[in-house]
Amino acid sequence: MTLEPAREIAPGVHLIDTGYVRPRLAAAYLVRGRDAAAVVETGTAGSVPRVLEAVASAGLRPEDVSHVVVTHVHLDHAAGAGALLRALPRARLVVHPRGARHMIDPSKLMAGASEVYGAERVRALYGEVVPAPAERVIEAPDGFTLDLGDRPLRALDAPGHAKHHLVLHDPRSRGFFTGDAFGISYRETDSARGPFLFPTTTPVQLDPPALKATLARMLAEAPERVYLTHYGMLEGDVARHADALARALDEHVRLARAAPAGPGRHAALRDALAGQLLGGLAAHGAPLDRAAALELFGVDLDLNAQGLEVWLDAQAAG
């Protein structure tokens, strides 16, 4: 597949297509400061060569990278962390305190993914998930700041998508590296209205009220741009995008609560979410027909339905 070339998208911020599944699905970012650089998100083990190529094309050496940051430990974001550390001799891994143990010993992550996808599919998707050496892992509680010289990056606790999620504030570019906390926005859906955003409510720690609170906390910093893992930079009226995403999340919750109980719930909820998606894309003027849209978001619709079902069941259990 032909991947998007790494390129600078804001001063000192380089976008890297990690090559996960298809082009322009998952991004990592290289952030340059005066004295060092950081890689934000790692993609999979197969993404490591892409990240190293981007480091070299930016005129940096592997030893110039001081930190690797993962917003959370879902494997499309963090599976390559251990392998990347092997190639970056000075770098330390920055991760949410709830996720650190899973980077040091990824066996539970792999077992959980294998239950969902099957072991063979997990190996094909993520490659060999290498443990991160414990002495090179930094737990990043709320407010933790790493400094690249003249460029501090501040981690904020960002629950909602997962309890082990952080976002990274970059005052230099007035931006946030948002992981999955600002939804997904595929460039294939861009229209004259700009980017189209859709929630991501994957299992198993979804908390819609917490996710909306995380959006509000980011907005309090008046960001001018957000760097999404899925996919790329959005800039301009960030508050408008956040409002649209919050309303879409509310609709997800409404549809989940309206889904019929019983063995047909998943299919009914997935169909309802597909209807929401197609209606939103049509209103946005996205240049996709129905079949292309359902193919593009097929995995997302399945995972969103699953995550909402886990949340519903937890609500019912009290």
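**Close-up views of a predicted model**

**View 1. Domain 1 and domain 2 of the protein chain.** The centres of domain 1 and domain 2, taken over C-alpha atoms, lie 24 Å apart. Domain 1 covers 7–238 and domain 2 covers 245–317, with bounds from an automatic or database domain assignment. Their contact (heavy atoms within 4.5 Å) takes 30 residues from domain 1 and 29 residues from domain 2. The model is predicted: local features need pLDDT of at least 70 and side-chain atom pairs count only at pLDDT 80 or more, whereas totals for chains, interfaces and linings use all residues. Residues are numbered from 1 along each chain as its sequence is written, and side-chain values use heavy atoms, with hydrogens and water left out.

**View 2. Packing of helix 7 and helix 8.** Helix 7 (residues 208–219) packs with helix 8 (residues 238–258) at an angle of about 175°, and their axes are 11 Å apart. Axes are lines fitted to C-alpha atoms over the stretch in contact, and angles between N-to-C directions run from 0 to 180 degrees. The two helices, DSSP runs of H or I with at least four residues, are therefore roughly antiparallel (angle over 145 degrees). On the helix 7 side, P208, L211, K212, L215 and L219 meet residues of helix 8 that include L245, L249 and D250.

View 3. S191 is found in the loop between strand 11 (175–179; a DSSP run of E, at least two residues) and helix 7. Not counting residues up to four places away in sequence, S191 touches H284, G285 and A286.

Key
Angles under 35 degrees count as roughly parallel, over 145 as roughly antiparallel, 65 to 115 as roughly perpendicular and the rest as oblique.
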